[in-house]
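Q: I would like to go through this protein with you, starting with one residue and then moving to others. Could we look at it together?

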Amino acid sequence: MTAAAQPLTARPAWKALEAHYRKVRDMTLRELFAGDATRGERMTLDAAGIYLDYSKNRVTDETLRLLTGLAVEAGLRARIDAMFRGDRINVTENRAVLHVALRAPKGASIVVDGTNVVPEVHAVLDKMAGFAERVRTGAWTGHTGKRIRNVINIGIGGSDLGPVMAYEALKAYSDRAMTFRFVSNVDGTDFAEAVRDLDAAETLFVISSKTFTTLETMTNAGSARDWSLRALGGNPKAVAKHFVAVSTNAAKVAEFGIDTANMFGFWDWVGGRYSMDSAIGLSTMLAIGPDHFRAMLDGFHEVDEHFRTAPFERNLPVLMGLIGLWYNDFFGAQTVAVLPYEQYLKRFPAYLQQLTMESNGKHVTVDGAPVGCDTGPIYWGEPGTNGQHSFYQLIHQGTRLIPCDFIAFVETLNPLGRHHDVLVANVFAQTEALAFGKTPQQVKAEGTPDALVPHRVFEGNRPSNTLLLERLTPQALGRLVALYEHSVFTQGTIWNIDSFDQWGVELGKVLAQNIIPELESDTEGPLGHDSSTNALIRRYRKLKRTS
């Protein structure tokens with residue numbers, strides 16, 4: 001059996017980490033810092049516009065040496081090269097994985113099936129920019145001649161989470177004379193609330209679906225068309241002035257009534273959760289303008305190049321991926337909390353949920369064998385300081401180990417007295433409290449009654465990363481997203497899983513298509529599901545008839 005074919009847990013590097021874990025698992029951050037006066041300065045990395053302090057992790061120099069050794073043994077360097085080269089590393093779908101091409105500069109060469117795809121990428125970007133400028137300047141008007149003032153993006157999954165996260169993150173750079181909304185849920189409430197106070201004559205819909213057949217997206221798109229036509233006199237020609245498409249299915253787009261000249265394409269080597277910097281980001285470009293959008297792409301590319309070229313021990317995504325794997329597979333940590341201390345990043349944890357969990361929530365290797373270890377931790381989080389007054393209690397004094405990523409910025413986009421200093425002080429205070437806690441002796445020294453001492457003790461030894469950036473700019477957002485993209489890739493490579501398919505979302509979608517006509521039927525036909533599902537369908541139909 002070759003080293004490449006060996007199960008991960010049988011590899012020498014994995015065995016060495018298991019032995020090392022047994023030696024250091026009870027070591028505390030208090031001890032680590034006490035034994036190394038330079039740890040807080042030494043265990044940091046400043047690259048690609050991101051400062052990472054990883055000193056408050058339960059790792060030693062030996063831990064990091066062994067983890068990088070695991071990455072080497074797993075063939076991470078070759079895998080990185082294969083991705084950037086355009087190899088078909090998405091093996092279950094036989095596709096290249098080239099979100100890095102979406103932010104490659106003009107003049108770069110990334111070849112897929114003998115074709116350099118970079119010129120195609122820039123052709124789409126130029127088309128998006130031209131359209132965005134026409135809408136933003138008022139040159140593009142609706143069916144009645146009114147200027148477009150409202151943009152609604154209709155998509156789901158990566159066609160929604162990326163655009164809505166980017167819009168919220170970069171709202172400070174958006175055109176405040178325009179309204180931007182996002183509809184994803186097939187629950188009619190989502191659409192109804194999005195359009196409730198809007199004038200259809202001033203509203204543009206961006207329908208984002210690669211195939212133009214996605215059930216939720218096309219259901220919402222159909223409702224959007226009906227809503228628009230009712231308000232615009234019923235003339236089908238109005239659709240072409242109020243709808244554009246991000247898709248690859250020209251026939252379906254034309255059938256819907258959208259002018260295919262206003263269809264923005266992308267490629268099968270762009271996964272949905274990696275697509276926010278493709279044409280899927282059209283609503284983002286409409287909001288912030290082409291120049292800011294290109295600055296965001298520059299931030300992505302900066303981290304791409306760092307990831308591609310930096311040695312593993314000084315590589316931001318590799319280090320974060322390896323440290324996360326250390327907790328997931330050796331300490332048994334099941335979740336990661338992402339805690340942005342920046343209100344504009346309020347949707348960033350939700351975005352990361354799809355990026356990380358859809359990518360690495362896999363139970364078999366690329367060869368179809370059981371992985372033999374845990375993959376895909378659960379990502380979650382909220383902006384600080386709100387989370388401090390809800391779930392931080394569990395992180396500090398609960399029984400579960402929850403590694404945390406704190407994200408902070410040196411400058412605020414909205415200076416207001418001492419607000420920002422108070423905000424950042426909380427970041428530093430929380431990481432310090434999590435790492436070092438408060439001992440029973442310290443609690444007693446404060447005059448706490450003996451009966452209350454156990455309740456006020458903080459065990460500490462709770463790990464965290466601190467990511468510090470200068471300012472939340474479009475470029476900074478691109479850097480952050482690319483950082484997590486490549487961290488996910490690092491972990492997926494070591495687990496030897498396909499981080500770029502998502503077969504787990506398919507089964508429920510197929511079953512739903514079978515159940516929909518059964519719910520809509522007026523006749524009591526036979527049902528072929530399990531007894532629970534059959535009973536639920538019958539009860540729904542009965543109550544629906546009597547409501």
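Q: Which residues does T412 touch, not counting those up to four places away in sequence?
A: This is a predicted model. In it, T412 touches H420 and R471 once residues up to four places away in sequence are set aside.

Q: How far apart are the C-alpha atoms of T412 and R471?
A: They are separated by 6.6 Å, and the two residues are 59 residues apart along the chain.

Q: Where is T412 found?
A: T412 is found in the loop between strand 12, residues 404–409, and helix 17, residues 419–436.

Q: What does the side chain of T412 reach?
A: The side chain of T412 reaches the backbone nitrogen of N414, at 3.1 Å.

Q: And why is T412 partly exposed?
A: Its relative accessible area is 21%. The buried class lies under 20% and the exposed class over 50%, so T412 falls in between.

Q: Changing topic, which residues is N465 in contact with, leaving aside neighbours within four places in sequence?
A: N465 is in contact with L52, D53, Y54, N57, M320, I323, C404, D405 and F406.

Q: Which of those makes a polar contact with the N465 side chain?
A: The side chain of D405 does, at 3.0 Å.

Q: Where is N465 found, and is N465 buried or exposed?
A: N465 is found in strand 13, which covers residues 464–469. N465 counts as buried because its relative accessibility is 6%, and buried means under 20%.

Q: What about A166, buried or exposed?
A: A166 is buried, with a relative accessible area of 0%. The residue is found in helix 7, residues 158–169.

Q: What is A166 in contact with, beyond four places in sequence?
A: The contacts of A166 are M276, T284 and L477.

Q: How far is A166 from Y351?
A: Their C-alpha atoms are 9.4 Å apart in space, and the two residues are 185 residues apart in sequence.

Q: Let us turn to helix 4. Where is R65, and what does the side chain of R65 contact?
A: R65 is found in helix 4, residues 61–73. Its side chain is joined to that of E62 by a polar contact of 2.6 Å.

Q: How far apart are R65 and N461?
A: R65 and N461 are 21 Å apart in space, C-alpha to C-alpha, and 396 residues apart in sequence.

Q: V72 is in helix 4 as well. Is V72 buried or exposed?
A: V72 counts as exposed, since its relative accessibility is 56% and the exposed class begins over 50%.

Q: On to the backbone. Which peptide bond is cis, from G384?
A: The peptide bond from G384 to T385 is cis, with omega near 10 degrees. T385 has its place in the loop between strand 11 (378–380) and helix 16 (392–397).

Q: What is phi for F212?
A: Phi of F212 is near 60 degrees, a positive value in a residue other than glycine. F212 is found in the loop between strand 7 (203–208) and helix 9 (215–231), and is buried, with a relative accessible area of 3%.

Q: And what is phi for N496?
A: N496 also is not a glycine, and its phi is positive, about 60 degrees. N496 is found in the loop between helix 20 (474–495) and helix 21 (506–520). At 28% relative accessibility, N496 counts as partly exposed.

Q: Why does the radius of gyration agree with a compact globule?
A: For 547 residues, a compact globule would have a radius of gyration near 24 Å, and the protein has 25 Å, so the two agree. The C-alpha trace spans about 75 × 60 × 60 Å along its principal axes.

Q: What share of the residues is buried?
A: Buried residues make up 52% of the 547 residues.

Q: Last one, how many positive and negative side chains are there?
A: There are 56 positive and 61 negative side chains, and the centres of the two sets lie 3 Å apart.

Methods:
Residues numbered from 1 in each chain as written. Predicted model: local features only at pLDDT ≥ 70, side-chain atom pairs only at ≥ 80, totals over all residues. Heavy atoms only, no water. Helix = DSSP H or I, 4+ residues; strand = E, 2+ residues; numbered from the N terminus. Polar contact = N/O pair within 3.5 Å; in protein donor to acceptor, adjacent residues only side chain to side chain. Rg over C-alpha atoms; globule rule 2.2 N^0.38 Å. Buried < 20%, exposed > 50% of the residue type's maximum accessible area, 1.4 Å probe, protein only. Lys, Arg positive; Asp, Glu negative; His and termini not counted. Charge placed at Lys NZ, Arg CZ, Asp CG, Glu CD. Contact = heavy atoms within 4.5 Å.
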